[in-house]
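Take the model below and read through its secondary structure before turning to how the pieces pack.

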Amino acid sequence: MTDINGERRTRAAGGVLVAATVAAGLMAGTFYVFACAVMPALARSEDRVYVDVMRDINDVIQNPVFLLVFMGALALAGLAGWQSRGTPGNWWIRAGAAAYALAFLVTVVGNVPLNDALARPGDPAALRERFEDPWVIWNVVRAVLSTLATACLATGLATRGRRPARSAPRTPRQPTATQGTPHATGH
């Protein structure tokens with residue numbers, strides 16, 4: 001007998017896990033691009049240009065698409081971790097959710113306060129001095145954590161459909177002649 005509701009729940013949980021994996025991957029890519037291209041390019045700029053461009057980036061990035069993926073990855077990964085209880089690969093899914101939660105926390109506690117400080121009026125050289133190195137470090141941390149989250153969620157997705165291996169049932173061994181069974185000759 002097919003459990004239709006159970007099958008729907010399984011499919012829905014699989015869809016949540018796929019969405020969480022994609023969202024975490026998008027965030028890992030965003031942070032990666034900042035680490036590999038945006039920040040090194042800005043490092044070549046004069047202080048005023050550096051501060052103005054980072055302020056513009058911080059304004060522009062707060063848009064519905066970015067925020068949906070940034071916050072959605074957290075919610076979806078958490079939901080996927082909850083839905084995975086008792087399934088193959090659940091450890092990977094929960095590890096992925098935890099890694100993304102840490103990346104989210106790094107952003108909220110590390111990068112956002114630095115962004116807010118950069119938005120305040122002040123001498124561009126002084127603002128940049130307090131901003132650049134810590135922001136880059138925290139960005140690398142969240143890039144690594146988001147990448148780890150994506151890898152863990154993808155591994156959980158890959159192992160999710162597998163059934164746990166079950167060992168073959170043990171059959172009792174038949175006694176042999178050397179183990180003290182009576183001989184066929186009747187001695």
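Predicted model: local features only at pLDDT ≥ 70, side-chain atom pairs only at ≥ 80, totals over all residues.

The chain has five helices and zero strands, so its pattern along the sequence reads α-α-α-α-α. Of the 187 residues in the chain, 32% are buried. Contacts in the chain between residues at least 6 apart in sequence are joined, in 78% of cases, by residues at least 24 apart.

Helix packing comes next. Two packed helices are described by the angle between their axes and the distance between the axes. Helix α3 covers residues 64-83 and helix α4 covers residues 90-119. The angle at which α3 and α4 pack is about 150°, and their axes lie 8 Å apart. Because angles over 145 degrees count as roughly antiparallel, α3 is roughly antiparallel to α4. The crossing of these two helices, α3 and α4, is left-handed.

Which residues make the contact between α3 and α4? On the α3 side they are V69, F70, M71, A73, L74, A77, G78, A80, G81 and W82. On the α4 side they are I93, R94, A97, Y100, A101, F104 and T107. Sorted by class, this contact of α3 with α4 holds 13 nonpolar, three polar and one charged residues. Glycine counts as polar in this scheme, and the α3 side includes G78 and G81.

Helix α4 also packs against helix α5, which spans residues 124-160. Here the angle is about 165°, with the axes of α4 and α5 8 Å apart. The cut-off of 145 degrees applies again, and α4 is therefore roughly antiparallel to α5. The crossing of α4 with α5 is left-handed. By class, the contact of α4 with α5 divides into 23 nonpolar, 10 polar and two charged residues.

The cysteines remain. How many disulfides does a search of the whole structure find? The search finds zero; a disulfide would need a pair of cysteine sulfur atoms within 2.5 Å. C152, in contrast, is at 6% relative accessibility and counts as buried, because the limit for buried is under 20%.

Conventions
Residues numbered from 1 in each chain as written. Heavy atoms only, no water. Axes fitted to C-alpha atoms, helices over the stretch in contact; angles between N-to-C directions. Helix = DSSP H or I, 4+ residues; strand = E, 2+ residues; numbered from the N terminus. Parallel < 35°, antiparallel > 145°, perpendicular 65-115°, else oblique. Left-handed = near helix turned anticlockwise from the far one by under 90°. Contact = heavy atoms within 4.5 Å. Buried < 20%, exposed > 50% of the residue type's maximum accessible area, 1.4 Å probe, protein only.
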